Amino acid sequence: MPVTRFSPDGLQPHTPYAHVAVATGSRHIHVSGQIARLGDGTPVAPGDLTGQVAQALRNTGRALAGANASFEDVVRLTFYVTDWAPEKIGPFMAGIESVVEELGLPWPLPPASLIGVDYLFEPDVLVELEATAISQ
């Protein structure tokens with residue numbers, strides 16, 4: 001396996017992601033920001049953070065598959081969420097948890113960042129997800 005994920009002693013425990021990913025491989029895969037849209041551009045889950053997180057992950061999975069990779073190859077996830085507030089963590093995590101089995105997401109997740117932003121490029125977009133992967 002080209003990616004090993006772990007959390008060294010002395011770092012914050014009980015996070016839903018590993019703190020470190022070590023990857024070996026020759027193919028670097030960078031997935032652009034994925035949002036809650038279908039292939040024809042139709043918005044998915046307007047106003048629903050949980051549904052948008054799930055769809056952004058599904059689209060990321062499709063992009064990875066297009067590069068002959070999977071979430072097992074991911075070394076970094078970056079989530080951008082509009083109008084972030086701590087009380088949104090429940091709906092945010094529910095979106096992830098709703099697709100763990102469907103998408104074969106590793107758990108804990110690869111190293112991840114959640115960045116609160118004021119606004120994304122369209123008013124209905126609540127979350128955008130970027131991924132970086134390494135494969136053989």
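Contact means heavy atoms within 4.5 Å. Helices (H or I, at least four residues) and strands (E, at least two) are DSSP runs, numbered from the N terminus. The model is predicted: local features need pLDDT of at least 70, side-chain atom pairs count only at pLDDT 80 or more, and totals for chains, interfaces and linings use all residues. Residues are numbered from 1 along each chain as its sequence is written, and side-chain values use heavy atoms, with hydrogens and water left out.

**Exercise 1.** Find which residues of helix 2 are buried, and state what they pack against.

*Solution.*
1. Buried means under 20% relative accessible area (1.4 Å probe, protein chains only).
2. In helix 2, Phe92, Met93, Gly95 and Ile96 are the buried residues.
3. Seen down the axis of helix 2, these residues fall within an arc of 150° (taken from the directions from the helix axis to the C-beta atoms), so they line one face of the helix.
4. They pack against helix 1, strand 4, helix 3 (100–103) and strand 5.

**Exercise 2.** Locate Asp73 and decide whether Asp73 is buried or exposed.

*Solution.*
1. Asp73 sits in the loop between helix 1 (49–66) and strand 4 (74–82).
2. Its relative accessibility is 11%, so Asp73 counts as buried.
3. Leaving out residues up to four places away in sequence, Asp73 touches Pro2, Val3, Arg5, Thr132, Ala133, Ile134 and Ser135.
4. From Leu49, Asp73 is 24 residues away in sequence and 26 Å away in space, C-alpha to C-alpha.

Technical notes: Buried means under 20% relative accessible area, exposed over 50%, partly exposed in between (1.4 Å probe, protein chains only).
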